[in-house]
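Please walk through this structure with me.

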Amino acid sequence: MASPPDTSKTIKLERYNSYLRRLHSTKVLNASSKLLFRATLLIALVLILFFTLNYPPLSDNIPNHAHLHHHNFLSTAFFASSAGGAAWEKQVRHSSTPKRRNGLSVLVTGAAGFVGSHCSLALKKRGDGVLGLDNFNSYYDPTLKRARQKLLLRHEVFIVEGDLNDASLLRKLFDVVPFTHILHLAAQAGVRYAMQNPQSYVSSNIAGFVNLLEVAKAANPQPAIVWASSSSVYGLNTQVPFSELDRTDQPASLYAATKKAGEEIAHTYNHIYGLSLTGLRFFTVYGPWGRPDMAYFFFTKDILQGKPIDVYQTQDDKQVARDFTYIDDVVKGCLGALDTAEKSTGSGGKKKGPAQLRVYNLGNTSPVPVGNLVSILEGLLSTKAKKHVIKMPRNGDVPYTHANVTLAFKDFGYKPTTDLATGLRKFVKWYVNYYGIQTRVKKGSAINSEHPEESA
């Protein structure tokens, strides 16, 4: 009788195939699980981004800095990632389109800065189109710039995050929008910082300005340009009050030298290319949403914290004095300069006739000793300052400034109306609200939180 067939090899083969099928199924299941997890995570992130961009927080209280910074970082990241895309161009056009008849379309550089944010808001409120440009650098805490950005965004002013030296970005903006005007306020500010980082002044105040003018000269039509010079150009001038006809060839700081260079560069581009250019020499601008590197700002901070403050005297023991100019007065001057700026005469980089070239002082015409500023702050804060009176170091600061504004009054009705005590009271109201400080500030110093934009 024949022996039964040997099936052991067949059984082993079937077991092995079964094992391979189970192993394959496990791998497929694991891969599917990972794919499903990643897809779910991606969808969740997209939804978070969508709701963050389209549904801002219910509270508009300014002191919540962390939330402000986070919200605007997401907004900026979204638009930066799609710069040049359809959504980005739509945002740029919408922000730049005037709402009033014959309104201006203004590119405001440094729009997240102190003067830039105030001017952008004022232009938008009267119905002009406004597009901001800012690089949000860290010269001072960018959180304050992001808070200004949020305020402007509520009024439909979009700020493109970019640098003046990015020529391709500037050209793209001019391709999208035929700007009628540029309000050029972006600059590396501060006299003393120039001793630490001189290259930043050259890069921004000279190279950046030239880059902007290069793009503007090639635009068709060419925009009229109003730009920020500085009272610092008067340097070691001793004739007071400072007049636009006084010497400005003795700068006392690198910052002043770059601003003076800007005035000469403006003359060149006006002469060769027919660009309409107006320079504004600001005199110590202060007020709500101001710059933390300014004396009135860090004096307020240090007085409230019980820290000593340095009050400078000249080398011959005289008080240092400044022509402190309130922000609202400066804004009126900037808008007056824009409204009276004549059209550029060039086209495609070629001059067709003489173009307007102007320079004006924008000051308060009432110099105040810095010691008096400290006394006003002491009264407003109900706190005695710990003053440390020292000689002014040789860091580029000048002992005295005083503006003659006759020319600005004659040409566009510039007339400052805010005295230092009134202006500082408004600043302190903003300061204690913005930073959420509980102080013994005089009654009435708490800002109306329902209308924070009134102090912008």
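Glu89 and Arg93 are joined by a salt bridge, with their closest N and O atoms 3.5 Å apart. A salt bridge here is a side-chain nitrogen of Lys or Arg within 4 Å of a carboxyl oxygen of Asp or Glu. Both residues sit in helix α3 (residues 86-96), 4 residues apart, or about one turn of the helix. Helices (H or I, at least four residues) and strands (E, at least two) are DSSP runs, numbered from the N terminus. Glu89 is buried at 16% relative accessibility. Arg93 is partly exposed at 40%. Buried means under 20% relative accessible area, exposed over 50%, and partly exposed in between, with a 1.4 Å probe and protein chains only.

The model is predicted: local features need pLDDT of at least 70, side-chain atom pairs count only at pLDDT 80 or more, and totals for chains, interfaces and linings use all residues. Residues are numbered from 1 along each chain as its sequence is written, and side-chain values use heavy atoms, leaving out hydrogens and water.

The whole structure has 16 salt bridges. Another of them links Lys217 and Glu214, at 3.1 Å from N to O. These two lie 3 residues apart in helix α7, about one helical turn. Lys217 is buried at 14%, while Glu214 is partly exposed at 31%. Lys387 pairs with Glu378 at 3.4 Å. Here Lys387 is partly exposed at 42%, and Glu378 is buried at 10%. Salt bridges also form a network, linking Arg100, Arg126, Asp128 and Asp339.

Now turn to a lysine without such a partner. Lys124 lies in helix α4 (residues 114-125). Lys124 is buried but has no salt bridge. Which side chain of opposite charge is nearest to Lys124? It is Glu156, 5.4 Å away. Lys and Arg count as positive, Asp and Glu as negative; His and the chain ends are not counted. Beyond four places in sequence, the contacts of Lys124 (heavy atoms within 4.5 Å) include His94, Val130 and Glu156.

Val389 is partly exposed, with a relative accessible area of 47%. Leaving out residues up to four places away in sequence, Val389 touches Val311 and Gln313. Gln319 is 70 residues from Val389 along the chain, yet their C-alpha atoms are separated by 10.0 Å.
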